[in-house]
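This briefing goes through a single structure by topic, for a reader who has the sequence and the coordinates at hand.

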Amino acid sequence: MAGYNILILNGPNLGALGKRQPEIYGKNTMDILPELVQQVLGENYQSVSLEFYQNNSEGKLIDRIEQAKEEGIDGIVFNAGAYTHTSLALADCLAWIELPVVEVHLSNVLARSEPMRQKSFIGRHVIGVIAGFGMMSYALAVQSLFQHLKD
């Protein structure tokens, strides 16, 4: 089986995971993700290579998505943070990039009290959305993307 290169892309404030509002976003950092991915993928874990990138800048996230296309990244797990709810620029980038993307959120954005957090500009340009499972949301997104690529 071929190996898949998956980019874990994180937007604004997600560099502070584990410290930032742990009651909403949890106490874990991205350091535990490889272990969680291994748990959900089992023996298929050896077929996945994870690359991590976080930036607070919308433009730099777009640059990284475009670079991923040029590098031959197979797919992206993307937590755009607050840009999920505000960025037409990221949505436009995902609309043309022709890479499979899974949108991910630590919290259940549909259950959040602020109505604007219940909307996603990028959602129509992704193959699926996983939200509400804390750091496990990322592992489930990798698993879903792996299955999509394999099929």
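In this predicted model, the buried residues of H5 are covered by parts that include S1, helix H2 (33–41), strand S2 (48–54), strand S3 (75–79), strand S4 (101–105) and strand S5 (128–131). The residues of H5 that are buried are Ser-137, Tyr-138, Ala-139, Ala-141, Val-142, Leu-145 and Phe-146.

**Helix H5**
- With 15 residues, H5 spans 21 Å between its first and last C-alpha atoms, which is close to the 21 Å expected at 1.5 Å a residue.
- Phe-146, one of the buried residues of this helix, has a relative accessible area of 2%.

**The aromatic pair**
- One aromatic pair is found when the whole structure is searched, and because the ring planes of Tyr-4 and Phe-146 stand at 80°, with the ring centres 5.7 Å apart, the pair is edge-to-face.
- Since Tyr-4 belongs to strand S1 (residues 4–10) and Phe-146 to helix H5 (residues 136–150), the pair ties together parts that are 142 residues apart in sequence.
- Tyr-4 counts as buried because its relative accessibility, 12%, falls under the 20% cut-off.

**His-105 in strand S4**
- His-105 has its place in strand S4, and its relative accessible area of 5% makes this residue buried.
- Apart from neighbours within four places in sequence, His-105 is in contact with Asn-79, Thr-84, Val-129, Ile-130, Ala-131, Gly-132, Phe-133 and Ser-137, and Ser-137 is itself among the buried residues of H5.

**Leu-14 in a loop**
- Leu-14 sits in the loop between S1 and helix H1 (22–25), yet counts as buried at 5% relative accessibility.
- When residues up to four places away in sequence are not counted, Leu-14 touches Arg-20, Gln-54, Asn-79, Gly-81, Leu-106 and Tyr-138; Tyr-138 is one of the buried residues of H5.
- Leu-14 and Glu-70 are 56 residues apart along the chain, and their C-alpha atoms are separated by 25 Å.

**The largest pocket**
- The largest pocket holds about 180 Å³ of space, and of the 15 residues that line this pocket, those closest to its centre are Tyr-25, Asn-79, Gly-81, Ala-82 and Arg-117.
- Sorted by class, the lining of the largest pocket comprises six nonpolar, six polar and three charged residues.
- Asn-79, listed among the residues closest to the pocket centre, is also in contact with His-105 and with Leu-14.

Terms used: Residues are numbered from 1 along each chain as its sequence is written. This is a predicted model: local features need pLDDT of at least 70, side-chain atom pairs count only at pLDDT 80 or more; totals for chains, interfaces and linings use all residues. Side-chain values use heavy atoms; hydrogens and water are left out. Rings of Phe, Tyr and Trp (its six-membered ring) pair if their centres lie within 6.5 Å; planes under 30 degrees apart count as stacked, over 60 as edge-to-face and the rest as tilted. Helices (H or I, at least four residues) and strands (E, at least two) are DSSP runs, numbered from the N terminus. Buried means under 20% relative accessible area, exposed over 50%, partly exposed in between (1.4 Å probe, protein chains only). On a 1 Å grid over the protein atoms alone, a cavity is a set of points where a 1.4 Å probe fits but cannot get out, and a pocket is an open set with protein on both sides within 12 Å along at least five of seven lines; lining residues have an atom within 4 Å of a point. Grid points are joined across faces, edges and corners, and a volume is the space filled by probe spheres set on the points. Ala, Val, Leu, Ile, Met, Phe, Trp, Tyr, Cys and Pro count as nonpolar, Asp, Glu, Lys and Arg as charged, and the others, Gly among them, as polar. The expected span of a helix is 1.5 Å times one less than its number of residues. Contact means heavy atoms within 4.5 Å.
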